[in-house]
Amino acid sequence: MNRPAPKEQVITLYQSSKRIHPKMAKGRFANWRVAAIVATQFVFYVIPWFNWSGRQAVLFDIPGRNFFIFGLSFGMGDLIYLALLLMICAFGLFWWTTIAGRLWCGYACPQTVYTEIMLWIDHLVEGDRNKRLKLDKEPWNARKIRIKAVKYLLIFLVAAWTGITFAGWFNPIRELVPDLFAGQVGGWALGTAVFYGFVTWLFGHIMREQVCLHMCPYARFQSAMFDKDTLVISYDAARGEPRGARKKNVRPGETALGDCINCTMCVQVCPVGIDIRDGLQYQCIGCAACIDACDEIMDKMNYPRGLIRYTTEGVLANEYADRDIKKRLARPRVLGYGAVLLVAAVAFLAGVILRETMAVDVIKDRGVMVRENNQGWTENAYNLRIINTSEQDRVLTAAVSGFDEIALTGLPADGLRVPAGETLTVPVQVSTIPEYADKGSHPIEFTFTYADADTPQQTRTFREKATFIGE
């Protein structure tokens, strides 16, 4: 018996993702999300335009190696505070995730924020979900080209201004914007603006949920911080199943069906395209759009709200009631992350408040170990590396001790003026009577006194140890 030859088949290992067109959700959580977006973008877009003491209020001057945050100024020697700040952010995220899941992702993450802004543009220009789906299926014609052109123009403007604003955090924005439109902006600033604008367009409009699904590492390791008492968005299957359609006037308990009418509105509003009724999934960003959609349907059906809600696995497993969730916060994981967060925050605040904004490094001049000066005294040479990280010019005076007869030369008698935010290297000499400094090294101590140039009567003093080489 002759068997027919097998048909040739093409098997692809890659399936391109379908474009998700979520429906706009309305409700209390959508309002909170809008408020969070407005607040975060006010900080991003507006704060760089504020001035403080004659300069940009917040400016990260990387070429100049100075960070200005309102009345504070940080130099390269203050990188420890950046490390502490990153630690605070990390443990703050861990602590909050342990308590309430991915609220950061759903309300304040830049990826979520710009995806939401791009969806607003989609909704404004093309209409709601059904209209967008219909438009995508239409053949290209003059109407479709016009709608798409308007949408892409608005997206370009948002992405471009976002890129310019981002560059304005690192370059004075009041100078950057006029120079940019005049074609006089430098290559580094222009490259920063173009790069960040491109990333905003790519991640916010083109990739959208793909960033959360496939690129964000947080989505992968979040489960390590979850437990049965973590507040997450969940579908109450005990109440909702079995799901099915029914007439509007059917009351709960009058049918064998659960409260879920299988309208799929929770799926239609989901920005990552998942069905929350399938259980907790790593793709869920905790935006609560499904809660708003479900609550709206429950209101129309005259059913109680909360079929989809913020709750815990412990509640769904009937281990305790919703009203007892607050009692579950005092658990070891929450307390551990909270303790580390508190320690890091206190260390950061204490360091910023108590830090010295004037520092001097005493560096021995290795080229001139020891010599005899014109008076016949034994002399050592040093370089003073003076760092003024404040925003005021300061006047520095110095003295040295360690021998009964010792002299310091090289600094002006009335003090050295150190400009704000500057680092100076000044050569000085220390000398003493040869009988006091026999062969070998001897400890000496520099005493530095400084004051703001505008208020010379308010002085501060600090000391630095050094060694003197005798002969």
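Colleague: Which residues in α1 meet which ones in α13?
Modeller: This is a predicted model, to begin with. On the α1 side they are Arg28, Phe29, Ala30 and Arg33, and they meet Ala289, Ile291, Asp292 and Asp295 of α13.

Colleague: What does UniProt list as "transmembrane region"?
Modeller: The UniProt entry, which is unreviewed, gives residues 29-47, 67-96, 152-173, 185-204 and 334-354.

Colleague: How much of residues 29-47 is helix in the model?
Modeller: That span is 95% helix and 0% strand, and its end C-alpha atoms lie 26 Å apart.

Colleague: What about residues 152-173?
Modeller: There the chain is 82% helix and 0% strand. The end C-alpha atoms of residues 152-173 are 26 Å apart.

Colleague: Switching to pockets. How much space lies in the largest pocket?
Modeller: About 1,400 Å³. It is lined by 47 residues, and those nearest the centre are Leu85, Leu86, Cys89, Trp104 and Pro110.

Colleague: Which helix gives the largest share of that lining?
Modeller: Helix α2, residues 79-100, with seven residues of the lining.

Colleague: How does the lining split into nonpolar, polar and charged?
Modeller: The lining of the largest pocket has 38 nonpolar residues, six polar and three charged.

Colleague: Now Arg239. Where is it found, and what is it in contact with?
Modeller: Arg239 sits in helix α11, which covers residues 237-240. Leaving aside neighbours within four places in sequence, Arg239 is in contact with Gly258, Asp259, Met298, Tyr303, Pro304, Arg305, Gly306 and Leu307.

Colleague: Which backbone oxygen lies 3.2 Å from a polar atom of its side chain?
Modeller: The one of Arg305; the polar atom belongs to the side chain of Arg239.

Colleague: And how far is Arg239 from Leu103?
Modeller: Their C-alpha atoms are separated by 25 Å, and the two residues are 136 apart along the chain.

Colleague: Last topic, the loop between α11 and α12. Is the peptide bond from Glu241 to Pro242 cis or trans?
Modeller: The bond is cis, with omega near -10°. Pro242 lies in that loop, and α12 covers 265-268.

Colleague: What is the phi of Asn262?
Modeller: Positive, about 60°, although Asn262 is not a glycine. Asn262 also lies in the loop between α11 and α12.

Note on methods:
Residues are numbered from 1 along each chain as its sequence is written. This is a predicted model: local features need pLDDT of at least 70, side-chain atom pairs count only at pLDDT 80 or more; totals for chains, interfaces and linings use all residues. Side-chain values use heavy atoms; hydrogens and water are left out. Contact means heavy atoms within 4.5 Å. Helices (H or I, at least four residues) and strands (E, at least two) are DSSP runs, numbered from the N terminus. A polar contact is a pair of N or O atoms within 3.5 Å; within protein, one must be able to donate a hydrogen and the other to accept it, and residues adjacent in sequence count only if both atoms are side-chain atoms. On a 1 Å grid over the protein atoms alone, a cavity is a set of points where a 1.4 Å probe fits but cannot get out, and a pocket is an open set with protein on both sides within 12 Å along at least five of seven lines; lining residues have an atom within 4 Å of a point. Grid points are joined across faces, edges and corners, and a volume is the space filled by probe spheres set on the points. Ala, Val, Leu, Ile, Met, Phe, Trp, Tyr, Cys and Pro count as nonpolar, Asp, Glu, Lys and Arg as charged, and the others, Gly among them, as polar. UniProt positions are given in the numbering used here, feature names are shortened, and annotations may be inferred rather than shown by experiment.
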